[in-house]
Amino acid sequence: MSIPKNFVDTPGRDLVPVWSSTAKSITVHYEFEGTHELEMKNYGGWWVSPSPLPPGATYRYSVDGGAPVADPRALRRPAGVHGPAQTWQPPKIKHFDAGDLLGKVFMEIHIGTFTPEGTLEAAAHKLGHLADLGVQVVEVMPVAPFPGTFGWGYDGVSLYAVHEAYGGPDGFVHFVEAAHDLGIAVCLDLVLNHFGPVGNYIAALDNYYSSKHETPWGAALDLDGDNAVHTREFLKGAALHWLRNMGVDALRLDAVHALDDDSSYHFLAELSDDVAKLEAQTGRTFTLIAESDLNDPIMVTPTDKGGRGMDAQWDDDVHHALHAAFTGETHGYYADFEPREALVAAFEDVFFHAGTYSSFRGKMWGAPVSKDIDRRRFVISSQNHDQVGNRAIGDRPSQVLSDAQLGSVAALVLLSSFTPMLFQGEEWASRSPFLFFSDQEGDEEMARAMRDGRRAEFASHGFDSIYGRKVTVPDPTVRSTFAASKLDWQTAQCEAGKRMLAWYKKLIQIRKEEATTGKPMQVRFDEDLLRMRSGHLEVIVNMGASTARPAVGEKQRLILTWSGNAGDLQPGEAAIYNS
C-alpha cells in the first residue's frame, strides 16, 4: 500500500506524513491546547497521522518509543534546530512568471548581513535599491534553519523551512512578493548535498546515507543505493516545495559535484525533468543553476541528450582569471591563472581548465565547451560569498584595487556574454569584509574544532605571503565576526560610493540595451590593452602602468569611460565602445 500522493504535496502538511521504512511504530506528540499523542498509520513506509493537526500546533515524532524528534519535512521550526516542528499553511502567492533568467543581472545577498536588522523584512525594504540599480534577479544565500542565530546557512538541517531569526516562512513569502512587485525574480541557494552536523535528527527516522560515497562533510546522501528512492524523493520534494509553494523562481544548487550518483538516471536529471513538469502545471518558468567544480558542460546539456539538464552553472575560472590579472595574487588555485593567456581563455572558452592540468588539484581537469553552447548558461562574478568569505580576513578586491580598476572589472563582467552576478555592496565598492561565521550555540567542543580548523587551513595556505603582513583569522563562532560582516550602506552615500553606483547602473543599462545574445566573445591583449568584444560592444581596459591610447575603428562610438576622457586611458581604466 502506498500513501496517496496528495498527502505529500498538501501545503501545510497538516496530516504530517513521514517516511520510515524501518520503524515498527511512530507516535506524533503535539501541543495545542494541551499535550496529545497520535499513533500514526503505516502506508508502505509512509506514516500518516489519522487526523489533521490543528493550525499552529507544534509536534515531534517518536519512532519505536524513542526520544521525540522534529519532522524533517517541517515547514516551520519556531524554536530552532533542536525544537519541535510547527504546522504552517503556505499562503496563495500571486502568479508571477519570471521568464528566461539567462543573461539577466543577478545580485547575491546574505539575509543576516544585508541589512543592520538581518531579517527578511528589512531586506525587502532594500529591494528598491536593487530595482533602481537594474538588478533583475536577487539570489538569496541559504535560509534553511541552522544552529543558533547567525551563519552562512550551508549547515541547514530542515530543508523545507526558513531560519526563524530571519523571519520564518511568513517573512520569506513577504520578501518574495515584495521582489515580484518590483519585477525582480528570486533565486534561492539550496543545499541538497549534505545536512549540517548540529540538529540533524533525520537518522532517527530512516537511513538516508550512502555506504559507498563520501563528501567533505562526511557520508554522502544515498542517491544510487538501497536508500536512494526515499532520499531522492526527500531532496526533490524540498526543491519543488520552494518553487511550488514559496514563489521562488530559480534555485542555485550548492556544490552539485558532491551529489554522488552512479545510477543511469542522475539525480539532477530527474530533478530537471520534474521541474519541467511543474512548469507545465503552473504556467511559470523556473531556472536551475548548478554550482559545480567539475568544469564540465554536461551540467547544462539537456537530459534527453544525456546531460544533467541544468539551465546554467557557476563558472569560477572567470573569477580566478580576473582576480589574478587585476590583483596579482598567484597563491593556491590562482597559480595557474597568472599568465595573461588564462584571462583570454576563460572569457573565450568558458573554462580555463578544460581538459588541462590543474596544479592545485594535481590532475587533468575539466572538459571543453562547444562554441555552440549559449554563454548565458554560465554565471560569472568578480565577487561572491565563497571567493570573499573564504579568504582569511574576508577582504574584498576593493581593499587593493583602485576605483578605476574596480570599474573595469565590473565592465568586463557586466558586458560579457555570460550571465553576470554581483555580490552585495560591490556596486558601491564596499570595503566592509564578508567573513566566515557560524554560531555553534554554546557547543564549545564544536566551536573549538571550527576555530582550529579554520586557522589550520589558512596556515597551510601561507596567508602571510598573500597579505604581506601578519593577520589574525577571526573566530568564526563569535557574534562580533558576524557583526563585522554587516554591509556598510552608509558608504553608498559618500561621493566615491555614488560615483561607483552610477557606473554600475550605466553598465547594466548598456547591457539591457544591447540585448546580450550569449555568443562567444573575442578577447585579446594589444600590448597592455585588454580588448573584449561581445556582440556590438568592445570593452578596452588599460592593464599597464602608464597612460595608453587605444586604436579604434572609424565606426566605433565611445559610450563610456571611467574618467570621461575620450582619448587616453589611465592605468586601470576602461572604455566601452559600440560599433
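1. Buried here means under 20% relative accessible area, exposed means over 50%, and partly exposed is in between, using a 1.4 Å probe and protein chains only. On that scale, 59% of the 579 residues of the protein chain count as buried.

2. A word on provenance: this is a predicted model, where local features need pLDDT of at least 70 and side-chain atom pairs count only at pLDDT 80 or more, while totals for chains, interfaces and linings use all residues. Numbering runs from 1 along each chain as its sequence is written, and side-chain values use heavy atoms, with hydrogens and water left out.

3. The C-alpha trace spans about 80 × 50 × 45 Å along its principal axes.

4. For secondary structure, I see 15 helices and 24 strands in the protein chain, taken as DSSP runs (H or I, at least four residues, for helices; E, at least two, for strands) numbered from the N terminus.

5. Contacts (heavy atoms within 4.5 Å) are worth a look: among those in the protein chain with a separation of 6 or more, 70% come from residues 24 or more positions apart.

6. Now the cysteines. The count of disulfides (cysteine sulfur pairs within 2.5 Å) comes to 0. Cys187 is buried, at a relative accessible area of 0%, whereas Cys494 is partly exposed, at 33%.
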